[in-house]
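Hello,

Here is the structure we talked about passing on. Please look through it alongside the notes below.

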Amino acid sequence: MEPIKDMIAWYRFDDPENLGKDYSGHGRDAKPCGDNAPIIKDMDGRMALHIEGEGVRRRSYMELPENILQEVTDEDGMCITFWLNLSKGYNVWERIFDFGKDHLGPYLFLTRNLRASCFSGADLIADPGQFFPVHIWRHVAFMGQNMEQKAVLVL
C-alpha cells in the first residue's frame, strides 16, 4: 500500500525495529512511552502493536508528534482507521486514542468499548452501547467532519 496524498501519518506497527515509524513520508514518527512501553509482537496471527497498561498502576502508550492535527479543520474533517484486537481490559475508559490536553478540551478520544467523544464546549458522542469480544480482529474507522454536528464510528 502506498501513502495517500493528504495522509497525516501512517503507522503500520508491524516492524519491531521501527516501532513508531511514520510510513506516510512526513516523518511524524511516534514514540513508545510509559513504564510498560508498547512492543510489536504476534497477536492472534498478525504482527501488531501490543499495549498493556493495567490502568492506573502501569501506563503504555504511543506519543504522537506535538500538533500532529494542527492542519485539520472542521471543513476538511479527518478519518482515523485501524485494526483492533482487544484482550482483557482493566477499565472501560482505557483509550485507543486520545487527542487533547485536559478535561476542559478541546479533545477527541476513543475508549476500548469504542465510545468516541469529541468535546469543544459541548460533547458529541458516538457510542455503540455494547462490549466487544476479546481476541478477535476488527477494522475500526472514526470519521469526523464539521464535528459540531456529527461524528461516525464504523465497525
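What follows is a short account of the fold, the cysteines and the aromatic residues.

This is a predicted model, in which local features need pLDDT of at least 70, side-chain atom pairs count only at pLDDT 80 or more, and totals for chains, interfaces and linings use all residues. Residues are numbered from 1 along each chain as its sequence is written, and side-chain values use heavy atoms, with hydrogens and water left out.

The protein has 11 strands and zero helices (DSSP runs: E of at least two residues for strands, H or I of at least four for helices, numbered from the N terminus). Of its 155 residues, 35% are buried (under 20% relative accessible area; exposed is over 50% and partly exposed in between, with a 1.4 Å probe and protein chains only).

There are zero disulfides (cysteine sulfur atoms within 2.5 Å). C33 is buried at 11% relative accessible area, while C79 is partly exposed at 47%.

Seven aromatic pairs are present (ring centres of Phe, Tyr or Trp, the last by its six-membered ring, within 6.5 Å; planes under 30 degrees apart are stacked, over 60 edge-to-face, the rest tilted). Y11 and F13 are stacked because their planes meet at 20°, with centres 5.8 Å apart. F97 and F99 make a tilted pair, at 5.6 Å and 40°, and both residues are buried. W93, Y107, F109 and F119 form one aromatic cluster.

The charged end of R12 sits over the ring of W10, 5.9 Å from its centre (NZ of Lys or CZ of Arg within 6 Å of the ring centre and within 35 degrees of the ring normal). R46 has its charged end over the ring of W83, 4.7 Å from the centre.

Regards
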